Amino acid sequence: QVQLVESGGGVVQPGGSLRLSCAVSGTMFRFYGMVWYRQAPGKQRELVASITSARLSNYPDSVKGRFTISRDNDKNTVYLQMNSLEPEDTAVYYCNRAGAPWSWGQGTQVTVSS
C-alpha cells in the first residue's frame, strides 16, 4: 500500500520561503511522475507543480518563477521549494502521483500572513 507523508509547512510572512517534502513509501517511486497540489478553504484543488520520472518540470503561471519541484529517487521523496510567498499561496499542500493518484496523504498547511 502506497503511503504519502507531506511535511515542511508552517506560517511564514509574505516574501518568505518554505521547502515542502513528500515521502513516498510502498512503491517504485522512481518510475512515476509526481505532482504537488494545493487546496485553499472554499476553493478547488489546484495543481502547482509537476515533475516527470525524467525530472522534467512544469508549473502554472500563478507559481512559475517562485516554486521549484525536485525529486530524490534514492530517498523516495519529492520536494517543493517555495520562494516569494504570497498570502494567496495559503493552502493545504498535497503530493501525489501524476495522472493516477494514490490514496491522499494528510497534506501540510502553509499559511502566508503578516
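## Close-up views of the predicted model

**View 1. Arg-66 and the loop residues around it.** At a relative accessibility of 10%, Arg-66 counts as buried, a class that covers residues under 20% relative accessible area, whereas exposed means over 50% and partly exposed anything in between (1.4 Å probe, protein chains only). The model is a predicted one, in which local features need pLDDT of at least 70 and side-chain atom pairs count only at pLDDT 80 or more, while totals for chains, interfaces and linings use all residues. Residues are numbered from 1 along each chain as its sequence is written, and side-chain values use heavy atoms, with hydrogens and water left out. Arg-66 is found in the loop between strand 6 (57–58) and strand 7; strands here are DSSP runs of E with at least two residues, numbered from the N terminus. The side chain of Arg-66 reaches the backbone oxygen of Ser-84 at 3.0 Å, a polar contact being a pair of N or O atoms within 3.5 Å in which, within protein, one must be able to donate a hydrogen and the other to accept it, and for which residues adjacent in sequence count only if both atoms are side-chain atoms. When residues up to four places away in sequence are not counted, Arg-66 touches Gln-81, Met-82, Asn-83, Ser-84, Leu-85, Glu-86 and Asp-89, contact meaning heavy atoms within 4.5 Å.

**View 2. The salt bridge between Glu-86 and Arg-66.** The closest N and O atoms of this pair are 3.9 Å apart, and a salt bridge is counted when a side-chain nitrogen of Lys or Arg lies within 4 Å of a carboxyl oxygen of Asp or Glu. Glu-86 lies in the loop between strand 8 and strand 9 and Arg-66 in the loop between strand 6 and strand 7, so the pair ties together parts that are 20 residues apart in sequence. Glu-86 is partly exposed, with a relative accessible area of 33%. Salt bridges that share partners join Arg-38, Glu-46, Arg-66, Glu-86 and Asp-89 into one network; by this rule the model has 6 salt bridges.

**View 3. Arg-38 and its charged partners.** Arg-38 is found in strand 4 and is buried, with a relative accessible area of 7%. Its side chain makes a polar contact of 2.8 Å with the side chain of Asp-89, and Arg-38 also forms a salt bridge with Glu-46, where the closest N and O atoms are 2.8 Å apart. Glu-46 is partly exposed, at 29% relative accessible area. Leaving aside neighbours within four places in sequence, Arg-38 is in contact with a set of residues including Gln-44, Arg-45, Ser-62, Phe-67, Glu-88 and Tyr-93.

**View 4. Met-82 in the largest nonpolar core.** This core has 28 residues, of which Trp-36, Val-78, Leu-80, Met-82 and Tyr-93 touch the most other members; a nonpolar core is a set of buried Ala, Val, Leu, Ile, Met, Phe, Trp, Tyr and Cys residues joined through side-chain atoms within 4.5 Å. Strand 3 gives the most to the core, with 4 residues. Apart from neighbours within four places in sequence, Met-82 is in contact with Gly-16, Ser-17, Leu-18, Leu-20, Arg-66, Phe-67, Tyr-93 and Val-110.

**View 5. Loop residues Asn-76, Arg-55 and Ser-84.** Asn-76 lies in the loop between strand 7 and strand 8 (77–82) and is partly exposed at 23% relative accessible area. Asn-76 and Thr-27 are 49 residues apart in sequence, yet 9.0 Å apart in space, C-alpha to C-alpha. Most residues other than glycine have a negative phi. Arg-55, in the loop between strand 5 and strand 6, has a positive phi near 70°, and Ser-84, in the loop between strand 8 and strand 9, has a positive phi near 50°. Both are partly exposed, Arg-55 with a relative accessible area of 45% and Ser-84 with one of 41%.
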